[in-house]
Amino acid sequence: MPTELELFGGAGDAPFSLNELLINLAIGLVLALVVRWHFLRYGSTLSNRDELGGVLPFVLMTTVLIITVVKSSLALSLGLVGALSIVRFRTPIKEPEELAYLFIAIAIGLGLGANQVAATVSASLFILVAMLLIKRYSSQDVGKNLYLSVNLPAGDAGKCQLDDVNALISKHVKSSDLRRFDERSSGMDATYLLDIAETTSLTELSDELRARYPDVGLTFLDQNGMPGI
């Protein structure tokens, strides 16, 4: 049984090796699982984590196949340009971090498809480690940002002012920014963007707000994976 297939579509075409394609796909699958694990373990997005993590291996290996086939035929490469010009990709990317991981998967697929195995493996592992170190040290320096929604019913809202709530919140956070304020006959709603130094500040803030306003409603929304209270 032959071990290689050589397909020649015209002048300037490169030989196509089936063994080379299968080896690169196998390496790509291993790297795709590493990228998927890195995204699920260290990614900060809350939505579409499992869905996007499952798509990354398909994106990576499909890119390997496309580049391997296209580089073997000049006619296919020209045809691919025309085909892609009529295709519209409408993937719902909600976080910049998701786009970064998709670019990593595509870049690895391009490198393996071009048969640059050593450079691709080394560079991809270096990038993943660098991302981990940057996320770890930057999170220690800049703290954590999250949204706080405060709902006071009519009884509590009538006997307090917004300045009182602002002063109480400022005692437990590094900084606070009032993003929305609604005052109705049924009560008061205020939304803040908080910068906190540590998660214990959330417990202290919640306890003091509930002690002063027993019927207060609190919602903490964190887009970086910190559980709400």
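**Notebook: helices and their packing**

I started with helix H2, residues 49-71, in this predicted model. H2 has 23 residues and reaches 33 Å from its first C-alpha to its last, close to the 33 Å expected at 1.5 Å a residue.

I then looked up which residues of H2 are buried. The list runs Arg49, Leu52, Gly53, Leu56, Pro57, Leu60, Thr63, Val64, Thr68 and Val70.

Next I checked which way H2 lies against helix H4, residues 96-113. Their axes come within 7 Å and cross at roughly 30°. Angles under 35 degrees count as roughly parallel, so I wrote down H2 as roughly parallel to H4. I noted the crossing of H2 and H4 as right-handed.

I listed the residues that make this contact. From H2 they are Leu52, Leu56, Val59, Leu60, Thr63, Val64, Ile67, Thr68 and Lys71. From H4 they are Glu98, Tyr101, Leu102, Ala105, Ile106, Ile108, Gly109, Leu110, Leu112 and Gly113. I went back to the buried list of H2 and found Leu52, Leu56, Leu60, Thr63, Val64 and Thr68 there; these residues also touch H4.

I repeated the length check on helix H1, residues 18-42. At 1.5 Å a residue, its 25 residues should span 36 Å, and the end C-alpha atoms are 36 Å apart, so the two values agree. The buried residues I found in H1 are Leu21, Asn24, Gly28, Leu31, Ala32, Val35, His38 and Phe39.

I turned to a second pair, helix H7 (residues 162-170) and helix H8 (residues 200-212). What angle do the axes of H7 and H8 make? They cross at roughly 150° and come within 10 Å. Angles over 145 degrees count as roughly antiparallel, so H7 is roughly antiparallel to H8. The contact uses Asp164, Leu168 and Ile169 of H7, with Leu205, Glu208, Leu209 and Arg212 on the H8 side. I recorded the crossing of H7 and H8 as right-handed.

Last, I looked at the whole protein. I counted eight helices and four strands. Along the sequence the pattern reads α-α-α-α-α-β-α-α-β-β-α-β. Of the 229 residues, 32% count as buried. Taking contacts with a separation of 6 or more, I found that 69% are between residues 24 or more positions apart. The accessible surface comes to about 13600 Å², and carbon and sulfur atoms hold 61% of that surface.

Conventions: Residues numbered from 1 in each chain as written. Predicted model: local features only at pLDDT ≥ 70, side-chain atom pairs only at ≥ 80, totals over all residues. Heavy atoms only, no water. Helix = DSSP H or I, 4+ residues; strand = E, 2+ residues; numbered from the N terminus. Expected span 1.5 Å × (residues − 1). Buried < 20%, exposed > 50% of the residue type's maximum accessible area, 1.4 Å probe, protein only. Contact = heavy atoms within 4.5 Å. Areas by Shrake-Rupley, 256 points an atom, 1.4 Å probe, with all protein chains shown as cover. Axes fitted to C-alpha atoms, helices over the stretch in contact; angles between N-to-C directions. Parallel < 35°, antiparallel > 145°, perpendicular 65-115°, else oblique. Left-handed = near helix turned anticlockwise from the far one by under 90°.
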